[in-house]
Amino acid sequence: MKDFLYEYYRIYPDTIIDGYFSLNGYHYLLLVCELQETELGELIQLNNQIAYNVKKDNVFIIKTISNDYLSIYEQQAYILICFKEREIGYDELLEMNNKVKSGSKIDLSAIQALWEKKMDFVEQIYLPSLNLKDTNYERLVAITSFYLGLAENAIEYLVDTIYDFESLGIESYLCHKRINRFNVFELYNPLNYIFDCKARDIGEMIKSNTIDLDTFKILLQHLQLNQKEYHYLMARVLFPSQFFDLIEENYYRKTNINEMILSYYHKIRLEELKVKEVYFTLNAITTLRPIDWLLR
């Protein structure tokens, strides 16, 4: 890979591990890029907009010596990103969520279809693959069933939100697919950008424990959501993204995901408490559609 980096970028690091290396105080990471050329161009334009409107010192996509953004290694397209680690504040996240707007509205039915597809993968592919003779079989099924139940609740809540607030649109703003660590790379990695409801990020961050409930409440005050957005946020908090990510990302790698899933057993009660805390936090601000099992 060192030779590849030199051929395309005239960079020759001392050490490179899984596409990562550091040089002259900067961090570099070679990332697989599945985007088409047009999509990549739009992403670069967006990244330039972020640098101009939010923070200049963020994550940059490095051009090759041929003035291209894509490089090819072993028949796979990559981009090379560069960033410098620094302290970041929640104000930078809020700038993205509140000010970088796509100009279009969220199609909640498309999100419903995506969540249903994730459930189908677990129900039709992962669960049938479990070994009945495995001593942990019953526990694995129990854990998976709990998270499938949460997902089903999330989808039902989303469907009800579509029905209840048909005339109230949800504008889309710059968010992130996931923010599992609040740092420069997670916040400014162009491949992590996605346009969604402005509440998406705090919903995902509270689920992944990237923020605590107090920080969630503070950030929520700055988002100024409408009723439909509050309900969408509740649906997103219900949907167990991390659990489904774990299965989808590791199933075809043939890694032993069962051990990872077993670690979720002791998190179930905490998950329930977190969802309940978020529900009552939001319900204190606006009247949410009731969720029976949370009110018991």
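Okay, housekeeping. Residues are numbered from 1 along each chain as its sequence is written, and side-chain values use heavy atoms, with hydrogens and water left out. Since the model is predicted, local features need pLDDT of at least 70, side-chain atom pairs count only at pLDDT 80 or more, and totals for chains, interfaces and linings use all residues.

Strands then. Helices (H or I, at least four residues) and strands (E, at least two) are DSSP runs, numbered from the N terminus; strands pair if DSSP finds at least two bridges between them. β1, residues 20–23, runs antiparallel to β2, residues 26–32, over 4 bridges, and Y20 sits opposite L29 in β2. Their hairpin has 2 residues between the strands, and N24 takes a positive phi near 55° there. β2 also pairs with β5, residues 76–83, antiparallel over 6 bridges. In that pairing, H27 has F83 of β5 as its bridge partner.

Now the helices. What angle do the axes of α4 and α5 cross at? Roughly 160°, for α4 at residues 108–129 and α5 at 137–164, with the axes coming within 10 Å. Axes here are lines fitted to C-alpha atoms over the stretch in contact, with angles from 0 to 180 degrees between N-to-C directions. So α4 and α5 are roughly antiparallel (that's over 145 degrees).

Contact means heavy atoms within 4.5 Å, and the residues making it include W115 and M119 of α4 plus L148 and I155 of α5.

Methods
Angles under 35 degrees count as roughly parallel, over 145 as roughly antiparallel, 65 to 115 as roughly perpendicular and the rest as oblique.
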